[in-house]
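Please read the following report beside the sequence and the coordinates.

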Amino acid sequence: TGLVGAYQSGPLSAELRYAMADDVTGTTNGAAVTADTGATQIGIAMGYQLQKNVKLIGSYTRVDNRTNASYTSYSGFTLAKGVDMNQLALGLAVSF
């Protein structure tokens with residue numbers, strides 16, 4: 001389940017994100033896993049159009065994992081079960 005809101009005014013843009021993963025039902029190595037496997041994620045991103053094809057971007061994301069969950073962002077790293085994540089990103093987006 002998720003919700004995204006975005007706003008733009010001139011060269012400035014903002015986006016808020018919220019996502020929730022419920023506990024999953026299934027088995028891992030033959031053992032039932034159902035309790036505390038969900039997580040929530042919140043994020044905010046800001047952008048500023050510097051030129052026609054260049055945008056300055058900043059974002060913050062937080063993932064709160066339950067005890068048996070190991071969700072992360074799409075950045076490629078992994079987390080141990082139950083570990084939360086905070087991620088701050090800054091960058092330039094250039095379109096060609």
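The paragraphs below treat a hairpin, a strand residue and a loop residue in turn.

This is a predicted model, in which local features need pLDDT of at least 70 and side-chain atom pairs count only at pLDDT 80 or more, while totals for chains, interfaces and linings use all residues. Residues are numbered from 1 along each chain as its sequence is written, and side-chain values use heavy atoms, with hydrogens and water left out.

Strand 1 (residues 2-9) and strand 2 (residues 12-21) run antiparallel and are joined by eight bridges, where strands are DSSP runs (E, at least two residues) numbered from the N terminus and two strands pair if DSSP finds at least two bridges between them. Within this pairing, valine 4 stands opposite arginine 17 of strand 2. Two residues lie between the strands of the hairpin, where glycine 10 takes a positive phi near 60 degrees. Of the eight residues of strand 1, the number buried is zero, so strand 1 lies largely in the open.

Two further residues are compared by accessibility, with buried meaning under 20% relative accessible area, exposed over 50% and partly exposed in between (1.4 Å probe, protein chains only).

| Residue | Relative accessible area | State |
|---|---|---|
| Valine 54 | 15% | buried |
| Aspartate 36 | 35% | partly exposed |

Valine 54 belongs to strand 6 (residues 54-65), and its contacts (heavy atoms within 4.5 Å), not counting residues up to four places away in sequence, are Tyr48, Gln49, Leu92, Ala93 and Val94. The C-alpha atoms of valine 54 and serine 95 are separated by 6.7 Å, although these residues are 41 residues apart along the chain.

Aspartate 36 sits in the loop between strand 4 (31-33) and strand 5 (39-51), and its phi is positive, near 55 degrees, in a residue other than glycine. Most residues other than glycine have a negative phi.

Terms used:
Helix = DSSP H or I, 4+ residues; strand = E, 2+ residues; numbered from the N terminus.
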